[in-house]
Amino acid sequence: MLSHLLLGGGLAFAAVLQPGPLQAFLLARAAADGWRRTIPAALSPVVSDGPIALLVILVLGRLPAGAQQGLRAAGGLLLLFLAATTLRSLRAAPGDGTAAAPAAGPRTLLEAATVNLLNPNPWIAWALVLGPAVVSAWKQAPAYALAFVGAFYGVMVAGLAAFVLLASGARLLP
């Protein structure tokens with residue numbers, strides 16, 4: 001069970017650190033409106049990922065074992081690629097601060113969930129990494145799959161909430 005908790009939490013932590021449309025949306029809203037108005041949007045993956053996960057898991061559950069292994073291998077390669085690009089971006093020199101701020105966008109949890117639903121990252125993650133992991137865990141024991149998903153979304157929501165709190169500090173910058 002512990003391995004499923006750690007895997008789910010670790011994947012969520014990596015997802016929170018990856019720049020993407022949801023993080024840009026949260027940054028823009030937190031900088032413009034502050035953390036109190038933006039913090040509910042940290043729940044958007046819980047709202048938007050349900051249909052994605054259900055569709056992907058239903059399809060994956062019908063795939064032969066060889067195809068599932070191929071998806072796991074592709075997912076592993078994707079994770080290595082994302083880790084390498086994140087490491088490169090962390091090592092890169094900071095910008096000059098003149099990057100354009102994201103345009104003012106939707107402000108509600110539902111609209112943030114829509115941003116995430118249209119984001120390719122959850123689709124790719126569920127098809128190549130999360131879906132195969134949940135299917136594999138479920139075959140071992142349904143409790144393992146629930147632990148994996150619970151850890152993933154617990155860390156995801158907490159991480160996005162922390163990001164919102166940090167991003168709201170941008171309002172204080174000159």
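Student: How many aromatic pairs does the ring rule give in this model?

Tutor: Rings of Phe, Tyr and Trp (its six-membered ring) pair if their centres lie within 6.5 Å; planes under 30 degrees apart count as stacked, over 60 as edge-to-face and the rest as tilted. By this rule there is one aromatic pair. Phenylalanine 152 and tyrosine 153 have ring centres 4.9 Å apart and planes at 85 degrees, so the pair is edge-to-face. The model is predicted: local features need pLDDT of at least 70 and side-chain atom pairs pLDDT 80 or more, while totals for chains, interfaces and linings use all residues. Residues are numbered from 1 along each chain as its sequence is written, and side-chain values use heavy atoms, without hydrogens and water.

Student: Is phenylalanine 152 buried or exposed?

Tutor: Buried means under 20% relative accessible area, exposed over 50%, and partly exposed in between (1.4 Å probe, protein chains only). Phenylalanine 152 counts as buried because its relative accessibility is 4%; tyrosine 153, at 14%, is buried too.

Student: Which residues have the most contacts inside the largest nonpolar core?

Tutor: In soluble globular proteins, nonpolar side chains tend to be buried together. A nonpolar core is a set of buried Ala, Val, Leu, Ile, Met, Phe, Trp, Tyr and Cys residues joined through side-chain atoms within 4.5 Å. The largest one here has 29 residues, and Leu26, Trp126, Phe152 and Leu160 have the most contacts inside it. Helices (H or I, at least four residues) are DSSP runs, numbered from the N terminus. Those giving two or more residues to this core are helix 1 (2–17), helix 2 (21–33), helix 4, helix 7 (120–140) and helix 8 (142–168). Helix 8 provides the largest share, nine residues.
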